[in-house]
Structures are given as structure tokens and as C-alpha cells.
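Here is my notebook page for today. I wanted to look at a cavity, a ligand site and a helix, one after the other.

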Amino acid sequence: MKSADKSCLYGHSPERLQQMDAAAVWHPFTQMAEYADPLVIAAAEGNYLIDTQGRRYLDGVSSLWCNVHGHRRAEIDAAIIAQLNRVAHTTLLGLGSPPAIELAHRLVEIAPGDLGHVFFSDDGSTAVEVALKIAYQYHRQKPQAEQSRRRFASLHNAYHGDTIGSVSVGGIELFHEAYRPLLFESIHLPSPYCYRCPYGLQAEECNLACATEMEQTIARHGQELAAVIVEPLVQGAAGMLMQPPGYLSRLRAACDAAGCLMIADEVATGFGRTGRMFACQHENVVPDLLCLAKGITGGYLPLAATLARDHVYQAFLGSRAELRTFFHGHTYTGNALAAAAGVASLDVFRNDRVLEGLPAKVDQLTDRLKELQTLKHVGQVRQRGLMVGIELVADADTRQAYDYAAAMGDRVCRAIRNHGVILRPLGDVVVLMPPLSITEAEIDHLVAAVSAAIVEATGE
Ligand code: PMP
């Protein structure tokens with residue numbers, strides 16, 4: 001894109017667009033009173049975003065964790081255009097749609113175990129809402145129904161979305177506390193946050209105390225639990241908190257012992273981010289319900305899916321009069337353009353052998369990240385696949401955090417723009433989650449830029 005090309009700016013100058021942005025667009029998770037000098041992205045190419053002035057930036061967080069194969073992938077663009085030439089949207093309420101049918105089958109093929117039934121919705125939060133409602137209704141309708149199972153357990157520091165149900169199973173005080181009176185109460189399990197272990201233990205000698213408490217809590221509430229919901233392997237929005245090996249399979253076993261369902265929220269971890277197609281596959285875990293969104297369309301269009309195992313699905317079957325129907329459905333559920341993008345993205349996974357190419361990139365990233373650990377204000381560098389959290393601290397020896405008002409994470413992410421990279425932090429955790437299509441040279445650039453930006457912002 002040339003800066004002189006105004007056609008993609010709706011006839012406005014870049015400066016005017018900035019003013020109009022601040023005046024009329026209420027940005028998510030943003031203090032608008034302090035929203036100054038906004039960067040406006042007008043185009044993209046591969047792993048790069050291009051602003052209204054024509055400046056290029058590596059998309060270091062995959063446009064909020066959703067872009068998978070880079071922007072303007074010819075195959076995905078073509079699939080959407082081809083679908084547009086047929087129809088943009090028709091409803092799934094009582095009607096079928098070829099792209100949605102194809103995508104459902106392809107998801108079932110790649111999902112672990114017998115997750116054979118796909119309920120489409122629009123975004124990660126709705127995928128979670130759907131899972132919670134299915135789990136609740138399932139126990140009322142299964143053979144030997146159990147009315148007592150009406151509660152959910154979730155992890156401290158969990159993030160499952162912004163709608164009321166998904167916030168109810170959330171555990172991030174900063175985001176969720178204000179809404180507490182509106183929420184249903186969930187049962188909290190400790191968060192495996194090894195850098196700030198809730199038990200004050202060291203990772204090597206802790207014997208997974210958090211997992212033991214998780215098992216005991218699930219067992220104690222066994223009879224009242226409809227489901228336990230978890231972000232498998234990585235608690236993303238909490239700051240990329242990595243679960244120790246074995247945690248997930250112990251959670252699966254605890255759910256089985258308690259007779260409740262396990263919901264895996266792979267909205268962030270799904271579609272290759274952890275190095276496998278789904279994070280659950282690292283521990284051979286098959287959840288009863290699997291929530292997918294973000295990368296499902298390659299990061300092109302809003303779409304989500306909640307996959308259910310056969311025994312869950314069966315509980316919803318019966319005659320109309322039995323009222324076993326799942327009474328839920330959003331207008332744009334299974335949108336045809338989005339589903340076409342989803343099928344095309346899975347084609348790219350297959351044709352380009354994307355998963356096979358990941359270990360080399362993950363290893364290179366691990367190797368490069370080592371240099372960050374030597375920086376004075378880097379407390380911990382956490383990585384799983386291509387998901388990285390770099391926790392900044394005021395004092396690395398005492399692990400003393402920065403003041404919230406100091407906005408150190410924001411400052412690093414501001415500084416890195418001058419190095420041609422876009423990032424978005426989670427508090428004082430600098431997040432890297434590049435597209436799976438990131439190249440060797442781009443990984444080098446990304447880490448070098450992060451290192452420089454941390455030094456500049458922390459003034460070390
Ligand atoms: N679950 C997880 C694990 C997420 O990371 C997110 C979004 N970051 C969501 C759910 C919510 O997804 P959405 O923003 O698409 O509603």
C-alpha cells in the first residue's frame with residue numbers, strides 16, 4: 001500500500017482518521033481518556049501489518065492471537081471470494097450450508113477422540129457459553145439424570161471470554177471483579193503459576209501441590225459439578241502461565257472420578273499455537289467439550305465452534321415434545337464466508353505441512369529467547385510452542401512487580417513499534433504469539449526488537 005493511496009482510507013487523511021478513531025470508536029480493553037496517537041492499520045501482507053502511512057510492522061501477536069498463516073494468504077482469500085460469489089450468509093437454524101458442513105467434518109477429523117458433533121457460534125466467548133449451557137443441560141437429560149450438577153469449577157487466573165457466563169468462570173480480578181454481583185459463583189481451583197507459586201514452592205520440589213488441591217476440590221464438590229473448564233497447558237490472558245507436565249491429564253482423571261464433564265477452552269491454544277494442532281493432544285486428553293475460535297478461520301473472520309463427544313450429544317436427542325433440544329443459536333452461527341475461510345485454512349495446514357514445520361521454529365525461538373533472560377527487568381520468560389510470555393519485574397531478585405500505573409508492559413509495546421513490530425501486553429507480561437507462518441529471519445527480528453524495546457522502556 002502506498003501512503004498516497006487514499007482509496008482504503010475512505011477519502012480521509014491519516015491524521016483525520018486518527019481523530020475520527022478517537023472520537024467515535026470505543027476500543028476494547030482500552031482507557032479511552034488516555035487513548036492518544038492511535039496507530040491505524042490499513043492493510044497487511046504476509047506476517048506484516050501496514051499503517052495508513054505505509055509503515056510496516058511484524059504482527060507479533062497475530063492480530064490478537066488469531067492469524068495463523070499470515071495475512072492475505074492467496075488460498076484463503078480465494079476461498080472467501082469464491083464463497084462470496086455464491087452467498088455470504090444463510091442461517092443454520094433449520095438449513096444446511098456446504099462450507100459449514102465441510103468445516104464440521106474437517107474439525108471432527110482433526111479433533112481428538114470422539115468429539116464428533118460441532119455446534120457453531122461466533123467467537124470464543126460464545127463457544128464457552130455454549131459449552132457451559134450444554135454441560136448444565138446434559139446432566140439433566142442424560143440417562144440417570146442428576147439435577148444436583150449445576151455448578152462449574154475453573155482455575156484462578158482463568159480467562160474464558162467477556163460475556164456473563166464466561167466471566168463467571170473467569171478468575172482475573174482486574175477484568176472480572178467489577179461484575180461479580182452479576183455472575184454465578186464458580187468453584188475456584190488454584191492456578192499453576194510457578195513463578196509466583198500460590199504455595200511458595202519451587203517448581204522442582206513442589207510435587208504439583210496445585211494439582212493435588214485441584215483433585216481434592218473437584219472430589220469434594222463431585223456431586224454438584226456439571227463441569228470443570230480449563231485452558232489446556234497455557235492460561236493465556238493471565239500472562240501466558242504454563243501448566244506443569246501432567247497437570248492436564250490429572251485434571252481429566254479428576255473429572256472422570258467426580259463424574260463431571262471436562263471443558264477444554266482451546267480458543268487461544270488451538271490450531272497449532274502450542275506446537276500440536278490442539279494443546280490437549282500433548283497429554284492425550286480428550287475433553288467432553290472443546291471450545292475453538294480465533295485461529296479457526298486462519299484469523300480472517302469471526303467464527304467459533306464447540307465440539308461435543310458422542311455421549312454428550314446423545315443426551316440431547318429425543319422427540320420434539322420431550323424438550324431435549326439445545327435451545328441456543330446466534331444469527332451468524334456458521335457463517336458461510338467464515339466457514340469457507342476455515343476450510344481453506346485447514347487446507348493450508350495440510351498442503352504446507354504446517355505442523356511438521358513448527359518444531360524448528362519453536363526451537364529457534366527458545367534459543368533466541370535465552371538472551372532476554374539476562375536483562376535486568378525480565379523476571380521470567382515462559383514459552384510453549386509459539387506462545388511466549390515475558391514477565392517484567394521492578395526487581396528480578398525479589399520478583400517485585402511494577403506498579404500498575406507505571407504501565408511497563410504498555411511502554412515496552414509502544415517502544416517496539418519503532419523497531420517495526422506490533423505487540424500487545426497483558427499487564428507487565430509482554431506477549432509474543434506470532435503467526436505460525438513466521439520465518440527464521442522474522443523470529444530473529446522479533447526477539448532482537450523485544451530485547452531493545454525492554455532495555456529502552458525499563459531504562460536499564
Ligand atoms: N477463551 C480464551 C482462552 C481466550 O483467550 C479468549 C480470548 N482471548 C476467549 C476465550 C474469548 O474469545 P473472544 O474474544 O473471541 O470472545
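Predicted model: local features only at pLDDT ≥ 70, side-chain atom pairs only at ≥ 80, totals over all residues.

I looked up the lining of the largest cavity by class and found 13 nonpolar, two polar and no charged residues. Here Ala, Val, Leu, Ile, Met, Phe, Trp, Tyr, Cys and Pro count as nonpolar, Asp, Glu, Lys and Arg as charged, and the others, Gly among them, as polar. A cavity is a set of points on a 1 Å grid over the protein atoms alone where a 1.4 Å probe fits but cannot get out, and lining residues have an atom within 4 Å of a point. The volume of the largest cavity is about 100 Å³, taken as the space filled by probe spheres set on the points, which are joined across faces, edges and corners. Of its 15 lining residues, Cys194, Cys197, Pro198, Cys206 and Cys210 are the closest to the centre.

Residues are numbered from 1 along each chain as its sequence is written, and side-chain values use heavy atoms, with hydrogens and water left out.

**Ligand.** Which atoms make polar contacts (pairs of N or O atoms within 3.5 Å) with the ligand? I found a polar side-chain atom of serine 125 at 2.6 Å from a ligand oxygen atom. A backbone N or O atom of glycine 124 lies 2.8 Å from an oxygen atom of the ligand. In the side chain of lysine 294, an N or O atom is 3.2 Å from a ligand nitrogen atom.

**Helix.** Glycine 459 follows α14, and its phi is positive, near 60 degrees.

Methods:
Helix = DSSP H or I, 4+ residues; strand = E, 2+ residues; numbered from the N terminus. 1 Å grid on protein atoms, 1.4 Å probe; cavity = no way out; pocket = protein on both sides within 12 Å on 5 of 7 lines; lining within 4 Å. Polar contact = N/O pair within 3.5 Å; in protein donor to acceptor, adjacent residues only side chain to side chain.
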